[in-house]
Amino acid sequence: MCKSCVAEAVTRRHQKVKRILVAEWGGACAICGYNRSVSSLHFHHVDPTTKSFAVNMAHGKSLAAFKAEARKCVLVCANCHGEIEA
């Protein structure tokens, strides 16, 4: 496989994992109910001290590892996430 093909395969896998996690966590922002774009939904760690890795940015992790980390989170949209962090 060429570098481009590998990069595309990695991107597809990350998108698939994100779709699975979003669906399992209700598919919408826990605060406002936003559900139009999976890419605009984030996993916010309720207790930052328990954070092992950012669910949206991790590479080379298994689906089980993503699910375990997501259990520490609440699903929120980008706008609500920004307000929480502010």
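The buried residues of helix H2 (buried: under 20% relative accessible area, 1.4 Å probe, protein chains only) pack against H1, strand S1 (41-45) and S2, where contact means heavy atoms within 4.5 Å. Helices (H or I, at least four residues) and strands (E, at least two) are DSSP runs, numbered from the N terminus.

Colleagues, this is a predicted model, in which local features need pLDDT of at least 70 and side-chain atom pairs count only at pLDDT 80 or more, whereas totals for chains, interfaces and linings use all residues. Residues are numbered from 1 along each chain as its sequence is written, and side-chain values use heavy atoms, without hydrogens and water. The mean pLDDT (the predictor's confidence in each residue, from 0 to 100) is 91 for the protein.

In H2 (residues 63-70), the buried residues are Phe 66, Glu 69 and Ala 70. They span an arc of only 100° around the axis, taken from the directions to the C-beta atoms, and therefore sit on the same side of H2.

I turn now to the rings. The structure contains 2 aromatic pairs, meaning ring centres within 6.5 Å, with planes under 30 degrees apart counted as stacked, over 60 as edge-to-face and the rest as tilted. Trp 25 and Phe 43 pair edge-to-face, at 6.1 Å centre to centre and 85° between the planes. Trp 25 lies in the loop between H1 and S1 and Phe 43 in S1, so this pair ties together parts 18 residues apart in sequence.

Phe 53 and Phe 66 form an edge-to-face pair, at 5.8 Å and 90°. Both Phe 53 and Phe 66 are buried.

Key
Buried < 20%, exposed > 50% of the residue type's maximum accessible area, 1.4 Å probe, protein only. Phe/Tyr/Trp six-rings, centres within 6.5 Å; stacked < 30°, edge-to-face > 60°.
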